Amino acid sequence: MTATEPRPAAVTGHGRVVWFTGLSGAGKSTLAGALRDELEARGERVELLDGDAVRENLSKGLGFSREDRDTNVRRIAFVAGLLAKHGVTVLVSAISPYADTRREALQALPNALEVFVDAPLDVVTERDVKGLYVRALRGEIPHFTGVSDPYEAPEQPDLHLRTDRISVREGVDQLLARLGG
């Protein structure tokens, strides 16, 4: 670009962030993936930031201390904010166990929606094909959220989905209704 060329116009998209929080196995990734498919079919620009993929690629090397978990949530929020600023609907699927850090992240994001994906411990343990909950309950895995580390459920989420009581389709329908479409 030369000095006489006009600068590209700033992107002023109307992105939004849908932050799915809940225990491992509650259905965050399942609901986020189904919502992504629905929104993409409608022609929306959508990006899914899944907690496991982010931890592997963006937060590799972080452990599971309170500080590392908070750093992970802040990194996810930073990327989500950049994408949303450019008109993308960002679906975040991350346990994000601490209420104050989650609140801090959500307050910094445009058009943020907090979705509590909720299932009781016995249900998520039953869904856990890797057996992590059983191992954590036996004390073999330290710092396991919901067992030996806290999970602070949202007190007033924008949407509370009890995945032990609804189907994925019903969850997506409730999400779409909350998103206005």
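Helix 1 (28-41), helix 2, helix 3, helix 5 (121-127) and helix 6 (132-137) each give at least two residues to the lining of the largest pocket; helices are DSSP runs (H or I, at least four residues) and strands are such runs too (E, at least two), numbered from the N terminus. This is a predicted model, in which local features need pLDDT of at least 70 and side-chain atom pairs count only at pLDDT 80 or more, while totals for chains, interfaces and linings use all residues. Residues are numbered from 1 along each chain as its sequence is written, and side-chain values use heavy atoms, with hydrogens and water left out.

| Pocket | Volume | Lining residues by type |
|---|---|---|
| Largest | about 880 Å³ | 13 nonpolar, 11 polar, 8 charged |

Of the residues that line the largest pocket, Ser-24, Gly-25, Lys-28, Asp-52 and Ile-95 lie nearest its centre. In the second largest pocket, helix 4 supplies the largest share of the lining, 5 residues, and Arg-102 is one of the lining residues.

Arg-102 belongs to helix 4 (residues 99-107), and because its relative accessibility is 1%, Arg-102 counts as buried, a word that means under 20% relative accessible area, with exposed over 50% and partly exposed in between (1.4 Å probe, protein chains only). Among the residues that Arg-102 touches are Trp-19, Glu-114 and Tyr-151, where contact means heavy atoms within 4.5 Å.

How values were computed
1 Å grid on protein atoms, 1.4 Å probe; cavity = no way out; pocket = protein on both sides within 12 Å on 5 of 7 lines; lining within 4 Å. Points joined across faces, edges and corners; volume = space filled by probe spheres on them. Nonpolar A, V, L, I, M, F, W, Y, C, P; charged D, E, K, R; others polar. Lists of a residue's contacts leave out its neighbours within four places in sequence.
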